[in-house]
Amino acid sequence: MEDVIDYYSQFDEWGRLEREPLEFIINLHYIKQYLATSRFVLDNGAGPGKYAIELAKLGYNVTLSDLTPKLVEIAKQKVSELELTEQFNGFHVLNATHLDGIADETFDASLMLGPLYHLQKEEERVAAVKELFRVTKRNGIVFVAFQSRMRMTITSLQFPQYWKPNDNIDSIHEFYENGIFNHNDKGRFTGAYYFNMDEIKPFMEKSGFQTIDLIGSSSIGAMLSNEQKQYWTDQGEYEKLVNFLINSANDPSVLGISSHLLYIGRRK
């Protein structure tokens, strides 16, 4: 976890979501759709608080937690600047596998939009989901982010020089089999675990959740270059493009090519 803290202490995660807006736009659409009756929300692994802040603006009472102290401080600062402090019930530096100090069944809804990427051991991933179950109220809604193994395999084949050691077919095949990736280039993305599509629902359901939906957060947009997106902007149809991507986000044929995925479930 020290590598994760070091990486996110230097990486501009808020800026990434600004530079890659489709993931944020599509996720937020589905989060808002299923949060309608919720009041108290946990954003676990919140990073600099971009989702938490949007939910606070909508009137939800938000508790924020993240592993990286610097990101929690950034979130607190942004919340203060936006005069949203009264909408927050706490800012915590916590590991998603041990949400120490948070009581059982506290939240109407819980987000976990990052931690599972960085947990390469099965027992750690299970622990994080069990903690999510513990702190969420019965019948509460959860939103959990995953990364797609197939999309990362495609990316490795397209841009091998940027994803070492996935710069040869043997390494790519090994990754395709086990989902574990550790970047060879210092300072690049941390060690991560990528799920196969058919793993996600059983993994969550085994931990006590009822599946509501699984969507591709970046949808087909992950396949489009900036130039290709610009075409639709120049045509005056960018908003229609975004709506199309939102509406097709849960098409099963889209899931594997979407870099990020959002699981939506209900705590039994």
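This is a predicted model: local features need pLDDT of at least 70, side-chain atom pairs count only at pLDDT 80 or more; totals for chains, interfaces and linings use all residues.

Visitor: What makes the radius of gyration agree with a compact globule?

Guide: The rule is 2.2 Å times the number of residues to the power 0.38, and the radius is taken over C-alpha atoms. For 268 residues that puts a compact globule near 18 Å, and the protein has 18 Å, so the two agree. Along the principal axes, the C-alpha atoms fill a box of roughly 50 × 45 × 35 Å.

Visitor: How many helices and strands are there?

Guide: Twelve helices and nine strands. They are DSSP runs numbered from the N terminus: H or I of at least four residues for helices, E of at least two for strands.

Visitor: Why is L64 called buried?

Guide: Buried means under 20% relative accessible area, exposed means over 50%, and partly exposed is in between (1.4 Å probe, protein chains only). L64 has 0%, so it counts as buried. L64 sits in strand β2, residues 61-66. Leaving out residues up to four places away in sequence, L64 touches, among others, D43, A46, V72, F88 and F91; a contact means heavy atoms within 4.5 Å. Across the protein, buried residues make up 51% of the 268.

Visitor: What makes R267 and E105 a salt bridge?

Guide: The term needs a side-chain nitrogen of Lys or Arg within 4 Å of a carboxyl oxygen of Asp or Glu. The closest N and O atoms of R267 and E105 are 3.5 Å apart, and the two form a salt bridge. R267 is in strand β9 (260-267) and E105 in the loop between β3 (88-93) and β4 (107-112), so the pair ties together parts 162 residues apart in sequence. R267 is buried because its relative accessibility is 5%, while E105, at 36%, counts as partly exposed.

Visitor: Where do R125 and E122 lie?

Guide: Both are in helix α6 (residues 122-135), three residues apart, about one turn of the helix. R125 has a relative accessible area of 4%, so the label is buried; E122 has 38%, so it is partly exposed.

Visitor: Which parts does the pair R149 and E199 tie together?

Guide: First the distance: the closest N and O atoms of R149 and E199 are 3.3 Å apart, in a salt bridge. R149 lies in helix α7 (149-158) and E199 in helix α9 (197-206), so the pair links parts 50 residues apart in sequence. R149 counts as buried because its relative accessibility is 3%, and E199 is partly exposed with 26%. Elsewhere, salt bridges that share partners join D104, E131 and R134 into one network.

Visitor: How many salt bridges does a search of the whole structure find?

Guide: Nine.

Terms used:
Residues are numbered from 1 along each chain as its sequence is written. Side-chain values use heavy atoms; hydrogens and water are left out.
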